[in-house]
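Subject: A structure for you to look at

Hi,

Here is the structure I promised to pass on to you. Please open it next to this email and follow along as you read.

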Amino acid sequence: MMKSVGLGSHRPLSGQLYKYTNVVKGWQQRWFAVDPETGVLSYYLFDGPGDAVPPGQPARGEAQLAAAVICPSDEDSRTFTINCASGDMLKLRATDARARQEWVNGLRAIAEIHTKAMGANPPLQPREQLAVHDAMASARQQLQATEFSDAALARCIESSDSPFPHTDPDLLLLKATSAASMQCLLQCLGILHRQQQYATVSISSKHSDTDHH
């Protein structure tokens with residue numbers, strides 16, 4: 001359940017979501033809270049039941065929403081992603097389609113406020129900028145599918161039903177090459193995302209300097 005509050009109330013936007021960790025651990029239930037004052041999304045270990053984490057519990061992780069891109073996923077009606085300006089990505093899943101839309105709307109509203117405040121983007125992004133965001137989100141989804149395939153390959157090689165021995169040098173080389181390629185692709189996408197954000201900040205700064213002259 002999500003606690004939806006107005007941005008002017010100075011209270012966190014919070015609730016339960018499932019966070020995708022990796023292909024091994026899969027989806028993990030976490031408690032998420034957004035501070036509209038700082039634009040920081042924090043998440044905590046959460047076992048439930050209840051509607052909040054114990055007071056004083058440290059955050060498991062944080063993400064800055066300024067200049068972040070929040071995108072509903074095409075894979076189902078509950079999943080969405082947060083692509084941070086740092087290059088990090090959170091893949092989250094709400095309880096249903098309505099909850100997802102509430103989270104996406106709330107997160108986008110807070111992200112827009114803090115993006116404007118830091119001058120990272122103009123109030124209305126040009127069509128080309130939106131196209132870049134869409135392309136980055138699509139690339140991330142493709143890499144997630146590739147990550148699943150990489151994990152499936154590793155399981156197949158390690159399976160006891162495999163007709164080949166686990167120590168076969170060609171299979172070990174294939175497994176290592178697949179894993180290394182996967183990491184390289186993820187790092188390349190992170191670099192592209194950071195470069196895109198730096199370019200946006202640079203363009204925005206030039207516009208600001210021009211306006212002051």
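Below is what was found in it, topic by topic.

First, some ground rules. This is a predicted model, in which local features need pLDDT of at least 70 and side-chain atom pairs count only at pLDDT 80 or more, while totals for chains, interfaces and linings use all residues. Residues are numbered from 1 along each chain as its sequence is written, and side-chain values use heavy atoms, with hydrogens and water left out.

**Confidence**

pLDDT is the predictor's confidence in each residue, from 0 to 100. The protein chain has a mean pLDDT of 77, and 70% of its residues reach 70 or more. Confidence is lowest in strand β1 (residues 2–3), with a mean of 53, and highest in strand β8 (residues 89–93), at 93. Strands and helices here are DSSP runs numbered from the N terminus: E with at least two residues for strands, H or I with at least four for helices. Over residues 4–11 the pLDDT stays under 50, and the model has eleven contacts for them beyond four places in sequence; contact means heavy atoms within 4.5 Å. Residues 120–124 are also below 50 in pLDDT, with ten contacts beyond near neighbours in sequence. Where pLDDT is low, the predicted coordinates should not be read in detail.

**Strands**

Two strands pair if DSSP finds at least two bridges between them. Strand β2 (residues 13–22) runs antiparallel to strand β3 (residues 26–35), with nine bridges, and Q16 stands opposite W31 in β3. On to the next pairing: β3 and strand β4 (residues 40–45) are antiparallel too, over six bridges, with R30 opposite L45 in β4. These two strands form a hairpin with four residues between them, and G39 in the turn has a positive phi of about 75°.

**Aromatic rings**

Rings of Phe, Tyr and Trp (its six-membered ring) pair if their centres lie within 6.5 Å; planes under 30 degrees apart are stacked, over 60 edge-to-face, and the rest tilted. The structure has three aromatic pairs. One of them joins Y20 and W27 edge-to-face, at 5.4 Å centre to centre and 65° between the planes. Ring pairs link Y20, W27 and F148 into a cluster.

Is Y20 buried or exposed? Y20 counts as buried because its relative accessibility is 11%, where buried means under 20% relative accessible area, exposed over 50% and partly exposed in between (1.4 Å probe, protein chains only). W27, at 25%, is partly exposed. The charged end of K91 sits over the ring of Y20, 5.2 Å from its centre; this calls for NZ of Lys or CZ of Arg within 6 Å of the ring centre and within 35 degrees of the ring normal.

**The core**

A nonpolar core is a set of buried Ala, Val, Leu, Ile, Met, Phe, Trp, Tyr and Cys residues joined through side-chain atoms within 4.5 Å. The largest one has 22 residues, of which V34, L65, I70, F80, I82, W103 and L107 touch the most other members. Two or more residues come from each of β2, β3, β4, β7, β8 and α1 (97–118), and α1 gives the largest share, six residues. Not counting residues up to four places away in sequence, L65 touches V34, G39, L41, I82, L107, I110, A111 and T115.

C71 lies in strand β6 (residues 69–72) and is buried, at 13%. S73, in the loop between β6 and β7 (79–83), is buried at 5%.

Enjoy exploring!
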